[in-house]
Amino acid sequence: MADIQLQNLSKRWGTFVGVQTMNLHIADGEFLVLLGPSGCGKTTTMRMIAGLEDATEGDILIGGARVNDLEPKDRDIAMVFQSYGLYPTMTVYENIRFPLKVRGIPQSEHHERVMRASATVELDDFLQRKPAALSGGQRQRVALARAIVRKPKVFLMDEPLSNLDAKLRVSTRAQIKNLHHELKTTTIYVTHDQIEAMTLADRVVVMNKGAVQQVGTPLDIYDRPANTFVAGFIGSPAMNLIEGRMTGGVFEADRVRIPGFTGIADGPVTLGFRAEDARIAESGEIAAPVYSMELLGDASMATVQAGGALVAIKAAKDFMAQIGQPIAAHVPADICHLFDAATGQRIE
Ligand code: ATP
């Protein structure tokens with residue numbers, strides 16, 4: 001069993017808090033993604049698990065055993081970074097074999113293990129090349145092969161796709177997902193890309209400023225964001241957020257009037273809804289001039305200025321409107337999310 005427990009894990013440098021009292025249980029075989037903007041503490045969390053950074057407080061358990069005091073090499077973890085970290089003078093074959101040599105795995109096993117790992121990531125044709133003669137995607141696959149050849153208890157992957165172009169990112173992402181399906185190794189994966197998080201993760205941990213904002217399945221996080229930070233971070237476009245006032249079950253803001261809320265106290269509130277849940281209509285809860293129109297391919301996106309914010313509404317691909325033209329959208333209460341105006345926490 002290689003589950004991972006983070007218990008009250010914190011990292012401080014002087015008074016600066018990099019990671020704040022993190023508590024997480026990552027199940028054996030789970031693919032967990034740490035997601036958040038630059039500087040939120042993702043890499044620091046990962047480095048503490050790997051043993052490259054000491055925790056200021058808290059415990060890290062792998063397979064039930066506390067590893068805080070173990071050297072990185074004794075934690076049975078393989079890491080894959082954004083910069084591939086390959087040895088330039090070694091061939092692909094030697095690069096993949098290297099961890100077996102370092103760990104004193106019997107020589108007789110090396111060839112078969114290297115061949116199996118390289119076949120898994122489709123590198124068979126490149127084994128005699130040096131890294132300089134490979135594309136970025138191929139180099140990242142060498143790094144993946146080098147991680148899997150050891151059969152470690154845990155994979156840690158820190159933005160492994162961020163140096164690849166958009167197309168390669170998608171195919172390498174699918175390969176990582178496939179690899180996990182095959183090997184079922186407990187994996188922690190760091191990214192600031194929410195699409196990567198949503199497509200790869202069993203569960204996502206959304207972080208901001210060193211603190212965990214929400215832990216859940218990709219759908220949980222998309223459908224029920226715990227606060228305005230998560231709502232504004234997940235989705236493309238992110239959830240529309242409008243600050244307004246609730247009075248007698250009616251939400252109001254500039255150019256917005258949505259009736260039909262029940263059990264919500266009167267007062268200031270932040271309302272959220274997703275562009276794809278609203279619908280362009282003859283008249284509706286939002287009526288405002290068009291700020292921009294974008295064709296997405298299978299649909300178009302109308303953005304209007306309402307409630308002091310830019311609000312995106314997904315429309316049919318043949319929907320046409322001029323900038324400045326007034327349009328309306330049907331935004332019923334039952335597609336809306338409500339957040340506390342002061343704390344940003346979800347209230348419905
Ligand atoms: P990115 O996506 O940009 O890599 P991240 O979420 O991985 O960001 P971390 O690298 O974990 O962020 O850094 C978290 C915070 O801790 C940042 O504000 C960073 O400046 C700070 N930090 C990291 N290392 C140190 C250090 N050695 N001393 C002081 N502060 C540090």
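**Helix packing and the ligand shell**

Helices α4 and α5 run roughly parallel to each other. That label covers angles under 35 degrees, while over 145 is roughly antiparallel, 65 to 115 roughly perpendicular and the rest oblique.

Before the details, the ground rules. This is a predicted model, where local features need pLDDT of at least 70, side-chain atom pairs count only at pLDDT 80 or more, and totals for chains, interfaces and linings use all residues. Residue numbers start from 1 along each chain as its sequence is written. Helices (H or I, at least four residues) and strands (E, at least two) are DSSP runs, numbered from the N terminus.

Back to α4 and α5. Helix α5 spans residues 166-183, and its axis comes within 11 Å of that of α4, at a crossing of roughly 15°. Axes here are lines fitted to C-alpha atoms, for helices over the stretch in contact, with angles from 0 to 180 degrees between N-to-C directions. α4 passes α5 in a right-handed crossing. Right-handed is when the near helix is turned clockwise from the far one by less than a right angle; anticlockwise is left-handed.

Who touches whom? On the α4 side we have G136, G137, Q140, L144 and I148, and they meet L168, T172, L179 and L183 of α5. Contact means C-beta atoms, placed from the backbone, within 7 Å. By class, that contact holds five nonpolar, four polar and no charged residues. For the classes, Ala, Val, Leu, Ile, Met, Phe, Trp, Tyr, Cys and Pro are nonpolar, Asp, Glu, Lys and Arg are charged, and the others, Gly among them, are polar.

Next, the other partner of α4. Helix α2, residues 92-102, packs on α4, residues 136-148, at about 30°, with axes 7 Å apart. The pair is therefore roughly parallel. α2 makes a right-handed crossing with α4. V92, N95, I96, F98 and P99 of α2 make this contact with V142, A145 and R146 of α4. The classes are six nonpolar, one polar and one charged.

α2 also packs on helix α3, residues 107-120. The angle is about 120° and the axes lie 10 Å apart. That makes α2 oblique to α3. The crossing of α2 past α3 is right-handed. Y93, I96, R97 and L100 from α2 meet H110, R113, V114, A117 and S118 from α3. Five of these contact residues are nonpolar, two polar and two charged.

Now the ligand. Which residues surround the ligand? They are W13, F16, G18, G36, S38, G39, C40, G41, K42, T43, T44 and H192. Near means a C-beta atom, placed from the backbone, within 6 Å. Two elements give two or more residues to this shell: β2 (16-26) and α1 (42-50). α1 gives the most, with three. The shell has three nonpolar, eight polar and one charged residues.

Two backbone points. S236 and P237 are joined by a cis peptide bond, omega about 0°. P237 sits in the loop between α8 (228-233) and β11 (240-247). D76 is not a glycine, yet its phi is positive, about 55°. Its loop runs between β5 (65-66) and β6 (77-81).

Last, the record. An unreviewed UniProt entry places "domain: ABC transporter" at residues 4-234. UniProt positions follow the numbering used here, feature names are shortened, and annotations may be inferred rather than shown by experiment. In the model, that span is 36% helix and 27% strand, with its end C-alpha atoms 26 Å apart.

Note on methods: Two residues are in contact if their C-beta atoms, placed from the backbone, lie within 7 Å.
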